Amino acid sequence: MNIFLNKKALYTSLFILIAGNVFIWQAILFGENKNLELYFLSVGQGDSQLINFPGGVQILVDGGPDAKVLNELARAMPEMDRRIELVIATHPELDHFGGLIDVLENYEVGVVITNGRQGTAKAYLDFEKVIAEKQIPVTRLFAGDKITYESAELEILWPTVAAARGKKTNESGIVFMLKNGGLRALYTADIGFETEEALRRKYDLDADILKVGHHGSKYSSDKKFLEEVSPAISVIGVGKNSYGHPTGAALGRLADVRSQIFRTDNFGTIKLVFADSFLRAFAR
């Protein structure tokens, strides 16, 4: 499969069967990959999401803190599929990029996407080392860039070049909107109130699905931001932690906008399937 690395656009050939915007909810076992599947992987206190397109084309967003991500990928991807087309490292915090080291060592990866920011954790050197050893192309994406898969589009909303170089690592994370047919899913890395407000003032953030920012921190998921997004489903990547994540404040604000909340510490890996005019929720 050819991947064209152009500034403002990444193009890959893919056929996607997606239609409609009627929602139903159903908890059942994992099924075959016949439709667009959005996974929110259970990797402990960290973030990792897999976008699985029909035909076995995947985008992995972050990898959690360690090798736990490999077990979840093994369940989400066909046994013989050892290739991930795109890996997005939203920002260089260990609970987001640590597991990507193991992914890069165990899978063939087409392209790694970053915000260009260097990590300060020692493990970030290992991340860069495996990329170099495997000669994996790396590209930096910023607000205004797009990843396009025929009818599907990932619009990069954040960071700006200035934000990527700013003092606050969490506020430099890659934020994007996945759009296709009637589906809009917003992925928010670890951004807090500051970036949420900047996004709210600049974009139409209305979305069906929200990947909740910063594991449900009290400093993320602002009331006005959530009212703008108005998500039917909100997913929180979280595990055992000493930060109090997800906080009662964040959960309360999500409840106020009547969003259905799924947490990986309670449900395990969350799988959302969008096809044939339905969105189905699967919890393991």
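Which residues have the most contacts inside the largest nonpolar core? They are Leu38, Ile51, Ile59, Ile88, Tyr149, Leu154 and Phe176, in a core of 31 residues. A nonpolar core is a set of buried Ala, Val, Leu, Ile, Met, Phe, Trp, Tyr and Cys residues joined through side-chain atoms within 4.5 Å; buried means under 20% relative accessible area with a 1.4 Å probe, protein chains only. Apart from this core lies another, of 25 residues, with Tyr39, Ala76, Ala89 and Tyr124 among them.

The model is predicted: local features need pLDDT of at least 70 and side-chain atom pairs pLDDT 80 or more, while totals for chains, interfaces and linings use all residues. Residues are numbered from 1 along each chain as its sequence is written, and side-chain values use heavy atoms, without hydrogens and water.

Leaving aside neighbours within four places in sequence, Ile88 is in contact (heavy atoms within 4.5 Å) with residues including Ile59, Leu100, Leu154 and Phe176.

Leu100 is also one of the buried residues of helix α2, as are Phe97, Ile101 and Val103. Helices are DSSP runs of H or I of at least four residues, strands runs of E of at least two, numbered from the N terminus.

Definitions and conventions
Buried < 20%, exposed > 50% of the residue type's maximum accessible area, 1.4 Å probe, protein only.
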